[in-house]
Amino acid sequence: RVLFDGTRAIGVEYRQGGALKKAMAGREVILAGGAINTPQLLQLSGVGPGALLQRLGIGVVLDNPQVGARMQDHHGINYTWRMRVPTLNDALRPWWGKLMAGLQYILTRHGPLSLSVNQGGGFFRSDPSQPRPNMQLYMQAFSTLIPKAGERPLLTPDPFSGLSLGLSNCRPASTGEVMITSSDPVAHPRIRFNAYATGSDIAEMLAAVKYLRVIAAQEPLARLMAEELRPGPQVTRDEDLIDDIRQRSGTVYHQSCTCRMGPDPATSVVDARLRVHGLEGLRVCDASVFPNLIAGNTNAPAMMVGWRGAGIILQDAAHSV
């Protein structure tokens, strides 16, 4: 947890090797735990929804319901086909294929392990009336419909040549939250995605998955595909497609906005210089400060926040001397 003297952050308390220790701050405390751990840590420190903290027996330093709220994330789904030509499934399914790919990468830095998990992609409009692309497209020259029990699916491709086309929504309107359930710092917080809670999100995804089949029907791709495996060509009605979206969609791990930036403490957690509203000596510097979820991948923007945040911290430190 963060330690406070009144409303000023003065250090952190942490556990190491079973012993409780403290580290005191010479100037300020900077949190960079990400969109899940940062709001969790703030709440454990008494900064967050006051009623929740009181119910868990945590002293309230600052009552701000926005801490952990308004979480946004991209959610994606794959459509999978059996192919008439070899894919990465054929190269990476057998143990000796994994071994050869590993040796190839170690010796030459080439081969299947030098590729991104998505070998192709882009952005498109689910409807021509959209002012800008609202869907991100992924192409994977492998498939993982039949995972082994207890093993990550990605480690064992299917025993046939497969290909997946996937997508995720760029600007979802639905928001979730991250809230602690205990004062125990090692207890997992409750993460509520609340995906597809709005009609607009579902309408966009429905139009988008239909477009995946349009892409698959184009040459030269169409002649390389033997059959659609998931969800299968029998799934055509809107209600069935929507049910499939809800059942099979998963996070793209772009959680953001749980300590969002903004000028008004009533609707945000940090200001434009990453300082936590209502407190002194405490900043947040990670993807949780995004005011809104960006349209694409969050890796580079999160790095940008780090670089920009470091510059802001140095500027403020120089001005305070």
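A residue is called buried here when its relative accessible area is under 20%, exposed when that area is over 50%, and partly exposed in between, using a 1.4 Å probe and protein chains only. With that in hand, Phe124 is buried, at a relative accessible area of 9%. The model you are looking at is predicted: local features need pLDDT of at least 70, side-chain atom pairs count only at pLDDT 80 or more, and totals for chains, interfaces and linings use all residues. Residues are numbered from 1 along each chain as its sequence is written, and side-chain values use heavy atoms, with hydrogens and water left out.

Let's start with the overall view. The protein has eight helices and 15 strands; these are DSSP runs, with helices being H or I of at least four residues and strands being E of at least two, numbered from the N terminus. Along its principal axes, the C-alpha trace spans about 70 × 50 × 40 Å. Of the 321 residues in the protein, 44% are buried. Contact means heavy atoms within 4.5 Å, and among contacts between residues at least 6 apart in sequence, 65% join residues at least 24 apart.

Now step inside. A nonpolar core is a set of buried Ala, Val, Leu, Ile, Met, Phe, Trp, Tyr and Cys residues joined through side-chain atoms within 4.5 Å. The largest such core has 24 residues, and Leu42 and Leu282 have the most contacts inside it. Two or more residues each come from β1 (2-5), β4 (29-31) and β15 (282-284). Leu42 touches Leu31, Val47, Val67, Cys259, Leu282 and Val284, leaving out residues up to four places away in sequence. Apart from this core lies another, of 22 residues, which include Phe124, Tyr196, Leu241 and Ile245.

Leu241 and Ile245 lead us to helix α7 (residues 238-248), where Leu241, Asp244 and Ile245 are buried. Seen down the axis of α7, its buried residues fall within an arc of 100°, so they line one face of the helix; the arc is that of the directions from the helix axis to the C-beta atoms. These buried residues pack against β7 (75-83) and α5.

Next come the aromatic rings. Rings of Phe, Tyr and Trp (its six-membered ring) pair if their centres lie within 6.5 Å; planes under 30 degrees apart count as stacked, over 60 as edge-to-face and the rest as tilted. A search of the whole structure finds two such pairs. Tyr79 and Trp81 form a tilted one, at 6.4 Å centre to centre with 40° between the planes, and both residues are buried. Phe124 and Tyr211 form a tilted pair too, at 5.0 Å and 35°. This pair links distant parts of the chain, with Phe124 in strand β8 (residues 120-124) and Tyr211 in helix α5 (residues 199-216), 87 residues apart. Tyr211 is partly exposed, at 36% relative accessible area.

Charges also meet rings. A charge sits over a ring if NZ of Lys or CZ of Arg is within 6 Å of the ring centre and within 35 degrees of the ring normal. Arg82 lies over the face of Phe160, at 4.6 Å from the ring centre, and Arg109 lies over that of Tyr105, at 4.7 Å.

What about the cysteines? A disulfide is a pair of cysteine sulfur atoms within 2.5 Å, and a search of the whole structure finds zero of them. For Cys259, the nearest cysteine sulfur is that of Cys257, 10 Å away. Cys259 is buried, with a relative accessible area of 0%. The sulfur of Cys285 is 12 Å from the closest cysteine sulfur, in Cys259, and therefore too far for a bond. Cys285 counts as buried as well, at 13%.

Finally, have a look at the backbone in some loops. A cis peptide bond joins Glu219 and Pro220, with omega about 5°; Pro220 is in the loop between α5 and α6 (221-224). The bond from Arg230 to Pro231 is cis, with omega near 5°, and Pro231 is in the loop between β13 (225-230) and α7. Asn194 has a positive phi of about 60° although it is not a glycine; look for Asn194 in the loop between β12 (190-192) and α5. Tyr253, in the loop between β14 (250-251) and β15, has a positive phi near 65°, and at 63% relative accessibility it counts as exposed.
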